[in-house]
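Subject: Structure for your review

Dear colleague,

Please find the structure below, followed by an account of what was found in it.

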Amino acid sequence: METAIEKDVTRGGQFLTKETRSEDIFTPEDFTEEQRMMRDSVKEFTDKELWAQKEKFEKKDYGYTEASMRKAGEMGFLGVSVPEAYGGLGLGFVDTVLVCDYISGATGSFSTAFGAHTGIGTMPITLYGTEEQKKKYVPKLASGEWFGAYCLTEPGAGSDANSGKTKAVLSADGKYYSITGQKMWISNAGFCSLFIVFARIEDDKNITGFIVENDLSNGITLGEEEHKLGIRASSTRQVFFNETKVPVENMLSERGNGFKIAMNALNVGRIKLGAACLDAQRRITSEAAKYANDRVQFNTPIASFGAIRAKLAEMAANCYAGESATYRAAHDIQTRIEAREAAGAGHQEAELKGVEEYAIECSIIKVAVSEDVQNCADEGIQIFGGMGFSEDTPMESAWRDARISRIYEGTNEINRMLSVGMLIKKAMKGHVDLLGPAMKVQEELMGIPDFNTPDFAELFSEEKEIIAKLKKTFLMVAGGAVQKYGPELDSHQQLLMAAADILIEIYLAESTILRTEKLVKSVGKDAAEGQIAAAQLYLYKAVDIVQSKGKEGIASFAEGDEQRIMMMGLRRFTKYANMPNVVALRETIAQKVVSANGYPF
């Protein structure tokens, strides 16, 4: 079965060693008519029910968050990825990501409630539950009659999720487990109907998952609502279990499978979290553009000042890059799921394996887009000046809400290390050939460089050449580090982080160039002028990051001649034949943003 799938579908991580053609990637411009209708319907709901009521969320109106979730359930938005057999819409993975994207931009409070419910609250049952469990619980969760929450984190078990102390003890008659322990940072705890709870049975190496109905008379106590920097109307509480009785038939999957469930739920959560940061960037960019057009200083709208235009251009270019990478990966996952189903796998297995295959890309997107939304909100405040710091404008709440994105679904530090670690593991299993290309790069470093300048007359020919060279940089740095440290590389976290930053920039920059090349083939250069500038600007910034992180990595593990040769290679691999005019690129993008009075792409 595997070989048939591999023949047609690129594997996760292979973007690094295989050339991808623009016609082989999916972009937001490729949305079907149905997807565009779904997007418009979600945008209408978000504008009316969330954006227009922003003040309620900022004033910690938890009841309004719950009411909005019920409305989202009535509209079918909570059941997009749930199979039709269990009351959902049964749509594809791209649709799931699209809904998550456009429903999440107005307020982080609702975005968190939505993500916690549809992702980690419902999905573990859909993907790991027995037929009885799915029939009993999923239709209620898909309709919004019930809400779900996810109890993994404990006071002593955050990033080290498998170290939780919550215990599950089997009763003498073997009919139920008694769960005792403390969970913290539980989103939706204040209004949920069921919890997915992770606990340890006896001295098992791995935790086990359970479906626990929220019945306060069954040894369940909730802490007070947490006072948080952002996502203020997202209900976040501690949950205490004191000999809470859970029928044995409510065990999720098998004993000891909890850690696997938790990790796979996080893989899906990561790409959805990236998507959830996109519309926030669009809205922040649009609000900043409107303000810059309206705000007059020195008898001139501030939108005409170069310093402001540079900010608007960078904000728009980063969002465009995030969209490009997110929808590319979402469609790759969907294609993989469909291929597995066509080969005879059930929906559960196909979806789990499909997402697991692209876990590297999911981590990359989570890190990149969550950091971009924070920078976007920060620059949004700056464009608003003093007003940006005031609660009267939406910028300060956007900045506060953005901050959590770098922490949940695994911190960005954990995800950086995971992305490189998973790639190396895939190489060792033979799923991605890193060794062959890495050896070729080593040979190239020892050979005489080719000083001929290719003909870069064709659009993006130089940019694609640069991306190919950035991939060589990663192979040089990561390959050198693996050679030096072998299995010990895991303990050299700073080196892994530097390699991850190179990997992230390669995926984002390539996705953006390919999306734009595909667009140009469809609408022509003139109609895609802003997108071309955004792709070129993003790559220019990516090259800078790769140069800096490559230098840091090489200086940290190589010495003497090896270091000298690698540094020469780095200079060669990050060199433009024709440097772009960065100010002109920003100006082109800014013109589009200012003219559109908002995010233009």
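A residue is called buried when its relative accessible area is under 20%, exposed when it is over 50%, and partly exposed in between, with a 1.4 Å probe and protein chains only. The model is predicted, so local features need pLDDT of at least 70 and side-chain atom pairs count only at pLDDT 80 or more, while totals for chains, interfaces and linings use all residues. Residues are numbered from 1 along each chain as its sequence is written, and side-chain values use heavy atoms, with hydrogens and water left out.

Asp101 is found in helix α5 (residues 93-103); helices are DSSP runs of H or I with at least four residues, numbered from the N terminus. Because its relative accessibility is 0%, Asp101 counts as buried. Its side chain makes a polar contact of 2.8 Å with that of Arg282. Such a contact is a pair of N or O atoms within 3.5 Å, one able to donate a hydrogen and the other to accept it; residues adjacent in sequence count only if both atoms are side-chain atoms. Leaving aside residues up to four places away in sequence, Asp101 touches Ala275, Ala276, Leu278, Asp279, Arg282 and Tyr327, where contact means heavy atoms within 4.5 Å.

The structure holds 44 salt bridges, each a side-chain nitrogen of Lys or Arg within 4 Å of a carboxyl oxygen of Asp or Glu. One network of salt bridges links Glu29, Asp47, Asp101, Asp279, Arg282, Arg283, Glu323 and Arg515. Arg283 and Asp47 form a salt bridge with their closest N and O atoms 2.9 Å apart. This pair links distant parts of the chain, since Arg283 belongs to helix α9 (residues 278-294) and Asp47 to helix α2 (residues 33-50), 236 residues apart. Arg283 is buried at 12% relative accessible area, whereas Asp47 is partly exposed at 36%.

Glu529 and Lys592 also form a salt bridge, the closest N and O atoms being 3.3 Å apart. Glu529 lies in helix α18 (residues 529-557) and Lys592 in helix α20 (residues 582-596), so the pair ties together parts that are 63 residues apart in sequence. Glu529 is partly exposed, with a relative accessible area of 39%, and Lys592 is partly exposed, with 31%.

A further salt bridge joins the side chains of Glu23 and Arg21 (3.6 Å, N to O). Glu23 is partly exposed at 45% relative accessibility, and Arg21 is partly exposed at 47%.

Yours sincerely

Note on methods. Helices (H or I, at least four residues) and strands (E, at least two) are DSSP runs, numbered from the N terminus.
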